[in-house]
Amino acid sequence: MDSQEKAPIEEQNVEQSVEQNVVETERKQYQTKKEVLERVQEIAHSDEAPQKDEVDYLKTVFYKMHLAEREAEFKEYTDGGGDPEQYQPKPSPEEEAFKAEMGIIKEKRQKLFKEQEQEKQENLQKKLDIIEKIKAMVTSPEEANKSYKDFKALQDEWKEIKNVPAERANELWRNYQLYVEQFYDLLKLNSEAREYDFKKNLELKKKLCEAAEKLADEPDAISAFHQLQKLHQEYRETGPVNKELREEIWQRFKAASTVINKRHQQHFEAVRAKEEENLERKTKLCEQVEAIAAEENKGTGDWERHTKQIIDIQAEWKTIGFAPQKMNVKIFERFRSACDDFFSRKAQFFRGLKDTFKENADKKRALIEKAKALQDSTDWKSTGDKLIGLQKEWKTIGTVPKKLGDQLWEEFLGACNKFFEARNAAGGDTRGEEYKNLEKKRDIISQLKAAAEEAGENLQERVQKLVEEYQSIGHVPFKEKDKLYEEYHAVLDKLYKDLNISVAKRRLSKFKDNLRQVAERGDNALDNERARLMRQYEQLKSEVQTYENNLGFLNAASKKGNSLIDEMNRKVQKLKDEVQLVREKIKAIDAENRD
């Protein structure tokens with residue numbers, strides 16, 4: 001047998017192996033879980049043979065959508081004020097149906113596999129029997145002419161038999177072709193029939209060559225490849241030609257096949273390159289999520305900021321196509337694991353806030369009840385003072401979930417407003433006095449603003465006098481209270497900041513002037529003073545830390561929740577200025593010691 005006649009079999013096996021690596025360019029793009037489920041049901045309940053690649057693809061797409069829905073459902077629940085610890089995913093009828101249908105498909109594939117393997121074994125035995133019969137004809141040369149019709153019948157029977165075990169296919173074909181050619185070579189007494197057969201086979205193979213050559217113009221490389229496989233099958237099943245022409249006709253068919261195979265290979269190389277690029281992009285996204293999940297979250301702000309970053313990364317992930325098939329599931333599992341780790345720790349953090357939120361909410365509800373008990377009172381002065389006290393107490397209570405916090409604040413504010421509006425309606429004289437107080441306080445604010453633009457040795461005394469005068473003035477109209485408060489403290493903040501800097505400079509200068517006198521008290525006087533300043537420095541730092549920690553628990557979400565925070569911020573800044581002054585004094589002592 002000519003070596004070129006067996007090549008189509010071996011080459012086709014390689015091509016079929018490549019073809020099995022089907023990628024998403026040939027897959028349907030599903031938009032919803034319902035579409036995926038419908039396709040799974042169609043496979044499960046039809047006569048269609050389930051293909052492993054498609055079944056795996058459907059499973060990946062379904063759970064990718066399912067996970068995205070669960071994450072969105074959890075985020076909506078927690079954003080709405082829900083307790084993460086009490087969160088229970090909603091039952092998914094689609095998921096249950098999907099699992100049931102996949103079970104049917106699994107059983108169906110197992111049964112089909114067994115049937116196919118059994119059929120392949122039966123086909124193998126049939127072809128082995130045919131080879132043995134042709135082999136017997138070859139060993140009886142004198143009977144070759146008489147056996148010609150039987151031989152042709154065996155060839156037809158061979159063509160009708162389909163798949164055999166892959167590991168036996170090449171060997172089986174080589175043996176078959178060997179004895180077929182030997183039989184033809186023995187047909188000496190019937191040379192006319194033999195030559196006719198060779199001629200007919202040559203014409204068929206020429207047509208197959210022409211068909212293969214035309215495939216070079218087919219724009220779809222995958223379609224051309226599939227058509228070529230059919231031509232290869234026909235070429236294999238067509239009998240031999242005259243020995244002198246076998247090499248020539250095979251080289252022509254092989255050359256046409258090479259063009260199509262090369263285009264097919266280039267197409268899949270491009271697809272694989274894109275898949276590798278997708279894998280690289282997805283790996284970077286995994287690394288980003290893992291880095292975010294590893295960061296420390298000091299409060300709800302950090303958790304929400306990191307949550308937004310991860311959700312943005314998840315949105316980007318959905319825009320990227322599939323990775324290589326062997327890595328597609330693994331990279332998705334890595335990404336999902338990193339996201340799950342972050343969101344599970346976030347849920348654990350918010351569970352830890354549950355008791356604090358409940359305690360704060362209970363405190364605010366208690367103040368609401370007190371305010372409602374006072375809202376209908378006509379004891380204007382006493383009740384007004386009590387409600388103002390309740391408002392101050394409200395500002396010291398820590399946070400609750402925003403939605404609940406807004407509801408509680410509106411309820412509390414409603415009770416307060418009801419009293420103050422009734423008081424305003426009943427007391428025309430009181431309103432007049434409050435508007436006079438408003439004008440007086442505005443005048444003092446104007447004087448403070450003017451002082452902020454001036455300088456002088458007695459600036460601090462003047463400011464202190466104006467502050468005392470401001471504080472001695474009575475109530476202003478309730479609706480003007482917050483606006484006036486913000487304006488007053490804004491100018492005070494600027495003044496105190498400037499005064500603190502100026503006073504600190506004078507205090508440091510005076511301290512440096514006195515260092516010589518301290519040194520004259522004895523050898524250890526400067527060291528003792530430095531030790532005292534170090535203790536003061538550490539104490540001030542501790543106070544600053546305490547205030548800053550307390551600031552983290554104050555609720556500044558409501559429109560009237562900022563006054564206490566502003567006051568504490570001013571105290572913190574003053575302490576920081578004092579820390580800086582002590583630090584400068586220590587540096588001055590160190591410089592004196594060096595001298």
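Mentor: The crossing of α12 and α13 is left-handed, which for a crossing means that the near helix is turned anticlockwise from the far one by less than a right angle, clockwise being right-handed. This is a predicted model, in which local features need pLDDT of at least 70 and side-chain atom pairs count only at pLDDT 80 or more, while totals for chains, interfaces and linings use all residues. Residues are numbered from 1 along each chain as its sequence is written, and side-chain values use heavy atoms, without hydrogens or water.

Trainee: How are α12 and α13 oriented to each other?

Mentor: Helix α12 covers residues 354-374; helices here are DSSP runs (H or I, at least four residues), numbered from the N terminus. The axes of α12 and α13 are 10 Å apart and their angle is about 165°, where axes are lines fitted to C-alpha atoms over the stretch in contact and angles run from 0 to 180 degrees between N-to-C directions. Angles under 35 degrees count as roughly parallel, over 145 as roughly antiparallel, 65 to 115 as roughly perpendicular and the rest as oblique. The pair α12 and α13 is therefore roughly antiparallel.

Trainee: What is the handedness of the crossing of α3 and α4?

Mentor: Helix α3 (residues 52-79) and helix α4 (residues 93-138) have axes that come within 12 Å and cross at roughly 165°. The two helices are therefore roughly antiparallel to each other. The crossing of α3 and α4 is left-handed.

Trainee: How are the rings of W394 and F412 arranged?

Mentor: Rings of Phe, Tyr and Trp (its six-membered ring) pair if their centres lie within 6.5 Å; planes under 30 degrees apart count as stacked, over 60 as edge-to-face and the rest as tilted. By this rule there are 21 aromatic pairs. For W394 and F412, the ring centres are 4.4 Å apart and the planes lie at 15°, so the pair is stacked.

Trainee: Which helices does the pair of W394 and F412 tie together?

Mentor: Both W394 and F412 are buried, that is, under 20% relative accessible area, with exposed over 50% and partly exposed in between (1.4 Å probe, protein chains only). W394 and F412 are 18 residues apart in sequence, so the pair ties together helix α13 (residues 380-396) and helix α14 (residues 402-426).

Trainee: How are the rings of F419 and F420 arranged?

Mentor: Buried residues of α14 include F419 and F420. F419 has a relative accessible area of 0%, and F420 has 3%. Their ring centres are 5.2 Å apart and their planes are at 75°, so the pair is edge-to-face.

Trainee: Which ring does the charged end of K127 sit over?

Mentor: A charge sits over a ring if NZ of Lys or CZ of Arg is within 6 Å of the ring centre and within 35 degrees of the ring normal. K441, for instance, lies over the face of Y470, at 4.7 Å from the ring centre. The charged end of K127 is 4.4 Å from the centre of its ring, that of W158.

Trainee: How far apart in space are Y485 and K441?

Mentor: Y485 lies in helix α17 (residues 478-519) and is partly exposed, with a relative accessible area of 25%. Y485 and K441 are 44 residues apart in sequence, and their C-alpha to C-alpha distance is 9.9 Å.
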